[in-house]
Amino acid sequence: MTRIKNIAFIITTSWIILGSLHEVSFAQDIEQVIQEKPVKVSGGFNANSTLYHVSGIENRRDPFFWMLSANINFDIYGVLSIPFSFTISQQNKNFAQPQPFNQFGLSPKYKAVTLHLGYRSMNFSDYTLAGNLFLGAGVEVEPKDSFWRVSTMYGQFAKPVAKSAQEGLVFAEPTFRRKGFGVKLGLGREKHNVDLIMFRAKDDEHSIEITDEVDVTPEENLVLGFNTNHKIGRRISFQLEYAYSMYTRDTRLESETIDDFTFVNNLGSLFTPNLSSDYNAAVKSKIQYNANNYQLNLSYRKIDPGFQTMGSSFLNNDLRDISGGIAWGMFKQRINIALNAGVQKNNLDNQLTADVARVIFSSNVNYAASEKFNVNVNYSNFNSSTKQSQLQADILVDSLEFFQLTRSGTVNLTYQTNKEIGLNHSLFLSTTLQDASDSENTSSTFFNVTAGHQMRIGQGWSVGLSYTYNKSQSLEISNVTTGPIFTLGRSFFSDRVRSTWSASLLNTYLEGNLESLVSNVRWVNSCRIGKKHNVSINVYYLNKNLKAEDATVINEIRGGINYSYRL
């Protein structure tokens, strides 16, 4: 059955591609094709390596690392585009899962047809196929000004790993081979359209040997969904996304007939329900009104507890939130104001012993006083309430409510002189205050002030001096970090070579007593050779002196070389 489905998928995909190529080939101007350069190559290569050494503490990364990567696009006669990419590093060459390195893929495009081959990712929607990397093939057909469009894919989302493994800093849990396919059919045009989506993935229970050390089960997932967008008149827009996920935690269990969701029993080989199957939905919508001088928006989102899709790496679930906002400008857009507020709640199925409710408010005001002076003020308020209940025989016998309030405010002031001959000044002041408190009478406060001056001299030199002060206090413990930061930059050979040096000396105090001295030095150099070659060299040094009884000196050095070539 699986082989038949794969063959049907390939035949359908081939028919779509051939049909689309036939349709667009007649629209191609032959004269224009002949005048085009036969092959245009763009993109480039990149190579980098990093050295690392530390004394006083254990290594925080590998002492040596290298990586090669490329993103190249071949344009053939201006009608066929073939992007190609790969990434190779010394890490993970013999490592099965995950797969962040040693990847090859290309996505040729001809007119309205895009073909994906190798390691690729596609995005159908946030709650179906949402950019998960797969090894396989996919096709997207989007004819210009057409009423329909279609996207399909088939591939492997995970390689089999029989047991836990570790190499370098990469760790992998046991996994089954996981394969999946998806289809998205779009109908409509820009103002009114809808996408119908199906995505299915399943683990191969025979791809690894099940032992006592392997604490995983083969899973299966089928997601059905749709997206719709509408523009009403010139000012109103509306978006809605819905997905229904059927997820089985262990496909080895015997199948059963579902009474509550009868249609699940009639899906054939697409999905087989059993006692480990869950059925959850996710919905997200937004409506927006755009006027001449202001904008209004209202959003709603609800994700059932346990909602999951194999097409996404991570999704929050068990939440419902509603939010709205308004933004407007005044005095010829010199003052711009934005206000947003929302509420969120979890424990939608009342299965948890604690309910969490959140209220969020934020505001932003930007005032352009003149061409030289600008003021930005931001304030946000985050209010969280947790109600924990004690149940006995499904009867509520006691409850405890917990509150937490977090407030944050930021003020940024910038003043920049007009560009004079060979000299330009910029002054800035930034302050941030954040505090949090709860019903247990515990609180924490964070305060930061950074002020500085930057100056450009001619076309080559730049000098900067700033001072930062950070203070955090919680549970009667006060921690302060303060010190100067100095930067110096110089350009050479008509900006082809740029060298920047920065240094900071920060003192850390705990309860008023000097705890450590931290000095950082960073040296960054970049060189552009011709129009295609770029080389950069950077060195970073950190020295930390701990002033405790067991005083320790930490020295850390990082160095890197990067070379890039643009075709």
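These notebook entries record what I looked up in a predicted model of one protein chain.

**Entry 1: the whole chain**

I began with the secondary structure, and I found 2 helices and 29 strands in the protein chain. I then looked up burial: of the 567 residues, 34% count as buried. For the accessible surface I noted about 33,200 Å², with 57% of this area belonging to carbon and sulfur atoms. I also checked the contacts with a separation of 6 or more, and residues 24 or more positions apart account for 52% of them.

**Entry 2: the nonpolar cores**

Which residues make up the largest nonpolar core? I listed 11 residues: Met 122, Phe 124, Leu 129, Phe 134, Met 153, Phe 157, Ile 197, Phe 199, Ala 201, Tyr 247 and Met 310. I traced these to their elements, and strand 8 (148-158) and strand 12 (192-204) are those that give two or more residues to this core. Strand 12 gives the most, with 3 residues.

I next examined Leu 129, a member of this core. Leaving aside residues up to four places away in sequence, I recorded that Leu 129 touches Met 122, Asn 123, Phe 124, Met 153, Phe 157, Phe 199 and Gly 311. I also noted a second, separate core of 9 residues, among them Ile 258, Leu 267, Tyr 279 and Ala 281.

Which elements give two or more residues to the nonpolar patch? I identified strand 28 (533-546) and strand 29 (553-566). Strand 28 gives the most, with 3 residues.

**Entry 3: strand 17 and its partners**

I followed strand 17 (residues 319-330) and found that this strand runs antiparallel to strand 16 (residues 294-303), with 10 bridges joining the two.

I then looked up the pairing of strand 17 with strand 18 (residues 335-345), which is antiparallel and extends over 11 bridges. Here I recorded Met 330 opposite Ile 335 of strand 18. How many residues lie between strand 17 and strand 18 in their hairpin? I counted 4 residues between them, and I noted that Phe 331 in the turn has a positive phi of about 50°.

Definitions and conventions:
Residues are numbered from 1 along each chain as its sequence is written. This is a predicted model: local features need pLDDT of at least 70, side-chain atom pairs count only at pLDDT 80 or more; totals for chains, interfaces and linings use all residues. Side-chain values use heavy atoms; hydrogens and water are left out. Buried means under 20% relative accessible area, exposed over 50%, partly exposed in between (1.4 Å probe, protein chains only). Contact means heavy atoms within 4.5 Å. Accessible areas come from the Shrake-Rupley method with a 1.4 Å probe; for residues, only the protein chains shown count as cover. A nonpolar core is a set of buried Ala, Val, Leu, Ile, Met, Phe, Trp, Tyr and Cys residues joined through side-chain atoms within 4.5 Å. Two strands pair if DSSP finds at least two bridges between them.
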